[in-house]
Amino acid sequence: MSLIGKEVEAFAAKAYQKGEFIDVSSEDFKGKWNVVCFYPADFTFVCPTELEDLQDQYKTLQELGVEVYSVSTDTHFTHKAWHDNSDAISKIEYIMIGDPSHQISRIFDVLDEEEGLAQRGTFIIDPEGIVQTVEINADGIGRDASILVDKIRAAQYVRNNPGEVCPAKWKEGADTLKPSLDLVGKI
């Protein structure tokens, strides 16, 4: 069952950010755009490359009014230890949520029950807490955060311009489409 168009279920968790442990809940998603990026585990191989790439886009995402949350089934303590010991992860400024109970991974339907680890899921959530995009990759396939920036811009454009849609490979400032009877069979 797809999560697209559905409000994120309530949750509360502990997280690590910039040298502090903080409380995070689904209520934090309200009032702004959010990216939630699940990954299998700390101290692994593909995960740090993805999270570092996401950090490289963090300033741009914040300029777009987006908060970023990474989530694994590790604890917030493990996130701090990883942050303190990895050159790639030490750069991270966004929130790193611990999900040792697997509650959040289940809510987003990315938990590999057999392994007890989250899959590589990326979610864009609008200011009402509604899921707008879902992408889930196999464990060995890393994500490119620059594509995420384009998806955010498209989601924000569509929200702010009812009746318009963004075609494939749409970039900010490019032409959009206005679905109508006149376009049927013409594209």
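Colleague: K169 first. Buried or exposed?
Modeller: K169 is exposed, at a relative accessible area of 81%. Exposed means over 50% relative accessible area, buried means under 20%, and partly exposed is in between, with a 1.4 Å probe and protein chains only.

Colleague: What should I know about the model itself?
Modeller: This is a predicted model, where local features need pLDDT of at least 70, side-chain atom pairs count only at pLDDT 80 or more, and totals for chains, interfaces and linings use all residues. Residues are numbered from 1 along each chain as its sequence is written, and side-chain values use heavy atoms, with hydrogens and water left out.

Colleague: Back to K169. Where does it lie?
Modeller: K169 sits in the segment after helix 5 (145–160). Helices are DSSP runs of H or I with at least four residues, strands are DSSP runs of E with at least two, and both are numbered from the N terminus.

Colleague: And what is the phi of K169?
Modeller: The phi is positive, about 60°, and K169 is not a glycine.

Colleague: What about K18, what phi does that one have?
Modeller: K18 has a positive phi near 45°, and K18 is a residue other than glycine. K18 is in the loop between strand 1 and strand 2. K18 is exposed too, with a relative accessible area of 56%.

Colleague: How many residues are there between the strands of that hairpin?
Modeller: The hairpin of strand 1 and strand 2 has two residues between the strands.

Colleague: How many bridges pair strand 1 with strand 2?
Modeller: Six, and the pairing of strand 1 with strand 2 (residues 20–25) is antiparallel. Two strands count as paired if DSSP finds at least two bridges between them. A15 has I22 as its bridge partner in strand 2.

Colleague: Which way do the side chains of strand 5 point?
Modeller: I95 and I97 point one way from strand 5 (residues 95–98), M96 and G98 the other way, and all are buried. In a regular strand, side chains alternate between the two faces of the sheet.

Colleague: Switching to helix 1. Which residues are buried?
Modeller: In helix 1 (residues 46–56) they are C47, P48, E50, L51, L54 and Q55. They span an arc of only 160° around the axis, so they are on the same side of helix 1. That arc is taken from the directions from the helix axis to the C-beta atoms.

Colleague: E50 is on that list. What does its side chain meet?
Modeller: E50 and R120 meet in a salt bridge, 2.6 Å from N to O. The two are in distant parts of the chain, E50 in helix 1 and R120 in strand 8 (residues 120–125), 70 residues apart. A salt bridge here is a side-chain nitrogen of Lys or Arg within 4 Å of a carboxyl oxygen of Asp or Glu. E50 counts as buried at 5% relative accessibility, and R120 counts as buried at 3%.

Colleague: How many salt bridges does the structure hold?
Modeller: The structure holds 14. One of them joins K171 and D150, at 2.4 Å from N to O. K171 is in the segment after helix 5 and D150 in helix 5, 21 residues apart. K171 is partly exposed, at 45% relative accessible area.

Colleague: And R106, what is its partner?
Modeller: R106 meets E113 in a salt bridge of 3.0 Å, N to O. R106 is partly exposed, at 43%, while E113 is exposed, at 51%.

Colleague: Which residues are linked in a network of salt bridges?
Modeller: E7, E27 and K30 are linked that way.
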